[in-house]
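The sequence and the structure are displayed first.

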Amino acid sequence: MNVDVGTRGAEARRKLAEMTPTSAAMNEKSADLLPVEIVPTFEMPSPLYIHSAEGAHVTDVDGNTFLDLTMGAGPHVLGHRPKVVEDAMHEQLGRTWHLVLKNDRQHELAELIREAAPGAEKTVFCNSGTEATMYGMRIARAHTGKNRVAVFDGCYHGAHDYALVKADPASPRSEPTAKVLGNGVPDTIRDDTMLVLPYDDLAAFDLIRRHKAELAVVMVQPVQNSVPRADVGPFLQELRDVCRECGVLYLLDEVVTGFRLGFGGGMEYFDVDADLMTWGKALAGGMPIGALSGKSDVMAPLGKTWGDPEGVFLGGTFSGNPLTMAAGIAALTHMRDHRDTIYPKLNEQADRLAAIVNGFCEERQIGAELHNAGSIFHMHFKRGIRTSRDFEGSNHEAEQEFYVHLMARGVIVPGIHLFFTSTEHTPEDIDTIGQAFCDALQDVRDDGLI
Ligand SMILES: Cc1ncc(COP(=O)(O)O)c(C=O)c1O
């Protein structure tokens, strides 16, 4: 985006450039070999290469230390390099990190998931949230014999073709048509297999009823990445009831919310259950992982070989590997054993940060709002947004500039603008971050952008 940078913006950029020469050189060197950052949506306001990380902080290759709100896009609920996870991985490394052949750790992690979510009667492991939601859709089709999958506008379910649909902004709010995200996704997926539903809208229930004969599953994030809200419990509960009434499976995508909103994830936080659940992110203390869990009857096709007409195909060389399992067992055991202290504190601190920032915006009449559900945050530069259909009219120039200022003030939020706190963010860190947000908002205002 071409932003007309004001005096403050120019100062912030100059400061960042002076602080980060080694990162800049690495960025230049990488350009011909790596076409994009690992995930282009995570691009930093200024290129930054991380050398080490500890707790709530990351240190770059130039030796600058920042307060991190990226938190690995969610996995680091316990902060960077939690000792319990590191020790467990060291111990496992001394034994084996073999692949494919059975290991003695998967069972333990599956037990912990079942403790967190009683509906997780069976679990299958994979390596990412993307794989988990892909398998969730497949198993739902296999179980129901129906083809279509419904997702909500504004939810994200990973990077596979079936997850890359959203509402066409030109279509009616109450009956959106699907639009694919980016190039390269076959039109047939959009037209023949997906149904996009309006989020937090009663019209979604009518659409489910109308399409029930062809709908295998309705997928939803307990908390949307795009507008995290803590008041959606009644909507999620009614959605579950409508799915049940219609004979459509209900899949809660807990990839972000699992082990973050509470040990029992979004299901516990919103008091809702599901037929299928997908996990990832925090499940393995920062190691790559995904998992699909579900009720025994729904997961039954996984017990058959894929040669069987009812069997479902799964693959994955690295799936369920012992090193990842060891990290997950350590992280989840710690979270379970300290759930009564970890989650109230994490959620309370998060609410306090939102109150600091939103109080400042109200006091100064700044058109921005920090949304959060527990420690999941997304800031919007327009007030009163409830769903992604309200984005029009957001002040994107101010938004882009804000994160440059925030970084120059020592706090990192990645380009996706979805961010997280962790158990390692101290009350003092929250104060520092709150102050940095307010100062960065004032910088943007001083440049006349907001
Ligand atoms: C709700 C949700 N589901 C699935 C995914 C995909 O997970 P992964 O990035 O591990 O493939 C994400 C990633 O952010 C997510 O937020």
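Val 149 has Val 217 in E9 as its bridge partner. The model is predicted, so local features require pLDDT of at least 70 and side-chain atom pairs pLDDT 80 or more, whereas totals for chains, interfaces and linings use all residues. Residues are numbered from 1 along each chain as its sequence is written, and side-chain values use heavy atoms, with hydrogens and water left out.

## Strand E5 and its partners

Helices (H or I, at least four residues) and strands (E, at least two) are DSSP runs numbered from the N terminus, and two strands pair if DSSP finds at least two bridges between them. Strand E5 and E9 run parallel and are joined by three bridges. E5 also runs parallel to E8, with four bridges between them; here Ala 150 has Leu 195 in E8 as its bridge partner. Strands of a sheet pair through backbone hydrogen bonds, either parallel or antiparallel.

Buried means under 20% relative accessible area, exposed over 50%, and partly exposed in between, with a 1.4 Å probe and protein chains only. In a regular strand the side chains alternate between the two faces of the sheet. In E5, Arg 148, Ala 150 and Phe 152 point one way, while Val 149 and Val 151 point the other way.

## Aromatic pairs

Rings of Phe, Tyr and Trp (its six-membered ring) pair if their centres lie within 6.5 Å; planes under 30 degrees apart count as stacked, over 60 as edge-to-face and the rest as tilted. The whole structure holds 13 aromatic pairs. Two of them are tabulated below, and each involves Phe 235.

| Pair | Distance between centres | Angle between planes | Class |
|---|---|---|---|
| Phe 152 and Phe 235 | 5.6 Å | 80° | edge-to-face |
| Tyr 199 and Phe 235 | 5.2 Å | 70° | edge-to-face |

Tyr 199 lies in the loop between strand E8 (194–197) and helix H7 (203–211), so its pair with Phe 235 in helix H8 ties together parts that are 36 residues apart in sequence. Tyr 199 is buried, as is Phe 235. Elsewhere, one aromatic cluster is formed by Phe 377, Phe 381, Phe 402, Tyr 403, Phe 419 and Phe 437.

## The antiparallel sheet

Strands E13, E14 and E16 form, in that order, an open sheet with antiparallel pairing. Strand E13 (369–373) and strand E16 (418–420) are the edge strands, each pairing on one side only. From one strand to the next the twist averages 30°. Axes are lines fitted to C-alpha atoms, for helices over the stretch in contact, and angles run from 0 to 180 degrees between N-to-C directions. Strand E14 (residues 376–380) is joined to E16 by three bridges, and Ile 376 stands opposite Phe 420 in E16. Helix H12 (residues 339–364) packs on the sheet and touches E13 and E14, its direction making about 165° with that of E13.

## Two loop residues

Ala 230 lies in the loop between strand E9 (215–220) and helix H8 (233–246). Its relative accessibility is 41%, so Ala 230 counts as partly exposed. Contact means heavy atoms within 4.5 Å. Beyond its neighbours within four places in sequence, Ala 230 contacts Tyr 269, Phe 270, Asn 372 and Ala 373.

His 76 is located in the loop between strand E3 (65–68) and helix H3 (83–93). With 16% relative accessibility, His 76 counts as buried. Residues up to four places away in sequence aside, His 76 touches Met 71, Arg 260, Gly 285, Gly 286 and Ser 422.

## The chain as a whole

The chain has 14 helices and 16 strands, and buried residues make up 54% of its 450 residues. Its C-alpha atoms fill a box of roughly 65 × 60 × 45 Å along the principal axes. Among contacts between residues at least 6 apart in sequence, 72% join residues at least 24 apart.
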